[in-house]
Amino acid sequence: MGDQNEERTSEAVAILGRVNDAVQRVAELSAAGGAFAWSQDNAAAVLLTLLHALEEALCFGLRRLSTFLFGPKDLLDLFGTVKTQVPTVRAILDFASSSSVHAQSVRGHGRVFLATALLKHALLPALQALAQNKSVVAEYYEPWAVLRSPQLFASLAASLELTAQCNFDSDDKAAGAFVQRTDFDLAYPYVPGGAIEHPKPAP
């Protein structure tokens, strides 16, 4: 058991390393005043890399919970537990669950939430509220998950604090386009021209 826990902890540390690396790249695309460089050709790709890493961190050790009436619980259910503590979370949850985004799967809607919460600087406050709710975290996560380890969570929070210096709203139109043009069901393929191109099946 001890060896398994050490292995899981090593996996978590590696995931958090990827989060930190991605955050550093996002920070590099923010000017001295904090404005995010949406005009850069690699801006969307850099953000998507961070979102992939964040999803990996938050799904690491996530239990497969289910309810009799509503099926499996997911990231939206998890963040729904703190919507009264972090006011912006409720509106982001409503948007992420709506039909106005390119997401049909449960996981896709969860990704929309992560992206929107990150851009609105609501993700870290939501995670901090979650970390304080020990009973909810214990219900949703295995003992070796990032949110159940004070040390691992501190590392995640420290990385996300760097994004607080990034003004993603410096170009509201570009930020909105990023979310609207990303197909969150298809592992985030982003089409700069605005048209979603679904991959053709292999012959």
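Here is a short tour of this predicted model, one selection at a time.

**Stop one: two crossing helices.** Select helix α2 (residues 43–59) together with helix α5 (residues 106–119); their axes come within 10 Å and cross at roughly 115 degrees. The crossing of α2 past α5 is right-handed. To see what touches, show the side chains of L47, L50, L51, L54, E55 and L58 on α2, then R107, R111, L114, A115, L118 and L119 on α5.

**Stop two: a residue in α9.** Next, pick V179, which sits in helix α9 (residues 172–180). V179 has a relative accessible area of 5%, so it counts as buried. Beyond its neighbours within four places in sequence, V179 contacts F95, T116, L119 and F184. Try the distance tool on the C-alpha atoms of V179 and A44: they are 9.8 Å apart, although 135 residues separate the two along the chain.

**Stop three: a group of rings.** Now select F36, W38, F168 and F178, which ring pairs link into a cluster. F36 is buried at 4% relative accessible area, and W38 is buried at 14%. Turn to F36 and F168 for a tilted pair, 5.3 Å centre to centre with 55 degrees between the planes. F36 lies in the loop between α1 (2–28) and α2, and F168 in the loop between α8 (150–161) and α9, so this pair ties together parts 132 residues apart in sequence.

**Last stop: an arginine over a ring.** Finish with R8, which lies over the face of W144, 4.2 Å from the ring centre.

Note on methods: Residues are numbered from 1 along each chain as its sequence is written. This is a predicted model: local features need pLDDT of at least 70, side-chain atom pairs count only at pLDDT 80 or more; totals for chains, interfaces and linings use all residues. Side-chain values use heavy atoms; hydrogens and water are left out. Axes are lines fitted to C-alpha atoms, for helices over the stretch in contact, and angles run from 0 to 180 degrees between N-to-C directions. Helices (H or I, at least four residues) and strands (E, at least two) are DSSP runs, numbered from the N terminus. A crossing is left-handed if the near helix is turned anticlockwise from the far one by less than a right angle, and right-handed if clockwise. Contact means heavy atoms within 4.5 Å. Buried means under 20% relative accessible area, exposed over 50%, partly exposed in between (1.4 Å probe, protein chains only). Rings of Phe, Tyr and Trp (its six-membered ring) pair if their centres lie within 6.5 Å; planes under 30 degrees apart count as stacked, over 60 as edge-to-face and the rest as tilted. A charge sits over a ring if NZ of Lys or CZ of Arg is within 6 Å of the ring centre and within 35 degrees of the ring normal.
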